[in-house]
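Trainee: Please pick a single part of this model and take a close look at it. Then place that part in the rest of the chain.

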Amino acid sequence: MGYARKVGWVTAGLVIGAGACYCIYRLTRGRKQNKEKMAEGGSGDVDDAGDCPGARYNDWSDDDDDSNESKSIVWYPPWARIGTEAGTRARARARARATRARRAVQKRASPNSDDTVLSPQELQKVLCLVEMSEKPYILEAALIALGNNAAYAFNRDIIRDLGGLPIVAKILNTRDPIVKEKALIVLNNLSVNAENQRRLKVYMNQVCDDTVTSRLNSSVQLAGLRLLTNMTVTNEYQHILANSISDFFRLFSAGNEETKLQVLKLLLNLAENPAMTRELLRAQVPSSLGSLFNKKEYKEVILKLLIIFENINDNFKWEENEPAQNHFSEGSLFFFLKEFQVCADKVLGIESRHDFQVRVKVGKFVAKLTERMFPKSQE
C-alpha cells in the first residue's frame, strides 16, 4: 500500500510539471502572430543615408494588454486540470515565469508609445539574450524586439556596431522554424542599410539554400525570399544567386499565389540587371510553367511575369548573341521564350477567358519578341 501511494505522488508530480511546461509553451506560442511587411521587389539605388528606398518594415501587432495576458494562460492539457492546490500553484508559477521572460525582452511596438525604441544599452541586453539563451520562447521574444527596432534607420547602425549581425545570423542554424523565421525578419529589416548589406552578403548562400529546401509555402520560405529580395535591390550582390535561379523558377511553379508573387519580386530585381540576362536565360524552367497561362485567376502573376520577360528581351541582343544561342540547353528559359507563341495562343485564342488587359499585354510582348528574335524573317 505504501509503495502504491509513493507511485501516486510521483505520478502527480510529473503531471504537474508537464502542465507547467505546456503552459509556458502556450503562452509564448499563443500570441497573435505579427504581420511582417517586408521589402517590395524592384530595383533602386541606395540613398545617401545608406538605406534602400522602398523598403518596408515589420510591425509587431501585439494588441493584447494585461487583461489579455490572463486569457492566454487558459490552455492547459486536460490532465493538468486536477483542481488541487499544488496544480494551482504550478500554473501560477508557470504564468509568472513566462510573463517575466516576455517582458524582459519585448517592448510593445506602438506608434504613439515612447517604449517603441530601445536604447543602445537595452539593445545590447537583448543581443546578449539572443547569444546566450537556448530557450525558444526567449529567443522568439528577443528577435521580435530586435526586428521592431531594426525598422528604424538609426537602430540599424547601432545593432551593427554592437555586433548584432553575426549574432542574429547564427540563429539561422536552428531547427526551430518559428525562431528561424524571426531571425530572417530581423536580417531583412537590417538589410535595407548599405553597410549591413555588405556584411550580410556572406550569408546569402546559406539563406538561399534554406529557402529553396524549406517546406513549400512555409513562413520560413517566405521570410527567406523577402530577405533575398532586399539583398538584390541593387546589382552589387545579384551574381551570388546566379546558380539558384532554376530553383526559384521551381518554387514559382510549385508554390501558391503568395509564394509566386514573392519569387517574382526577386526575379524582377535580377531581370532589370543586364548583367544577369544570360544567367536568367540559362536557367532551367519546369515544363509546367506554360500551364500558368491557362489559368485566368493568375492575372497579377501573369502580368508580373510578362514584365520580367520584357526586361530580358530588351536586355538580350538576339542578333549579336546568335552564335552563342547553341550554348543554351533544352528546357532553359531561352527555349521557353523561343516557343512562347504556344503560350500566347492559349491567351489570345477565341476560347480564352483571360482578362482583356492580359490579352493585350501578351499580344504586345509576342510582337516585340518576334521582332527582336527573328528580325531577318520579316525582311
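Mentor: The expected span of a helix is 1.5 Å times one less than its number of residues. Helices here are DSSP runs of H or I with at least four residues, and strands are E runs of at least two, numbered from the N terminus. The model is predicted: local features need pLDDT of at least 70, side-chain atom pairs count only at pLDDT 80 or more, and totals for chains, interfaces and linings use all residues. Residues are numbered from 1 along each chain as its sequence is written, and side-chain values use heavy atoms, without hydrogens or water.

Take helix α13, residues 257–271. Its 15 residues should span 21 Å, and the end C-alpha atoms are 20 Å apart, so the two values agree. The helix is mostly covered, with 13 of its 15 residues buried (under 20% relative accessible area, with a 1.4 Å probe and protein chains only).

Now follow the chain past α13. Asn273 lies in the loop between α13 and α14 (277–282). Asn273 has a relative accessible area of 7%, so it counts as buried. Its side chain makes a polar contact of 3.0 Å with the side chain of Gln238 (N or O atoms within 3.5 Å, one able to donate a hydrogen and the other to accept it; sequence neighbours count only if both are side-chain atoms). Leaving out residues up to four places away in sequence, Asn273 touches Asn235, Gln238 and Asn315 (contact means heavy atoms within 4.5 Å).

Step back to the whole chain. It has 18 helices and 0 strands. Of its 379 residues, 48% are buried. Take contacts between residues at least 6 apart in sequence: 74% of them join residues at least 24 apart.

The largest nonpolar core holds 85 residues (buried Ala, Val, Leu, Ile, Met, Phe, Trp, Tyr and Cys joined through side-chain atoms within 4.5 Å). This core draws at least three residues from each of domain 1 (114–199) and domain 2 (232–378). Among the residues with the most contacts inside the core are Leu146, Phe248 and Phe340. Beyond its neighbours within four places in sequence, Phe340 contacts residues including Phe293, Leu306 and Val362.

Gly147 is 35 residues away in sequence, yet 7.7 Å away in space, C-alpha to C-alpha.

Conventions: Buried means under 20% relative accessible area, exposed over 50%, partly exposed in between (1.4 Å probe, protein chains only). Domain bounds come from an automatic or database domain assignment.
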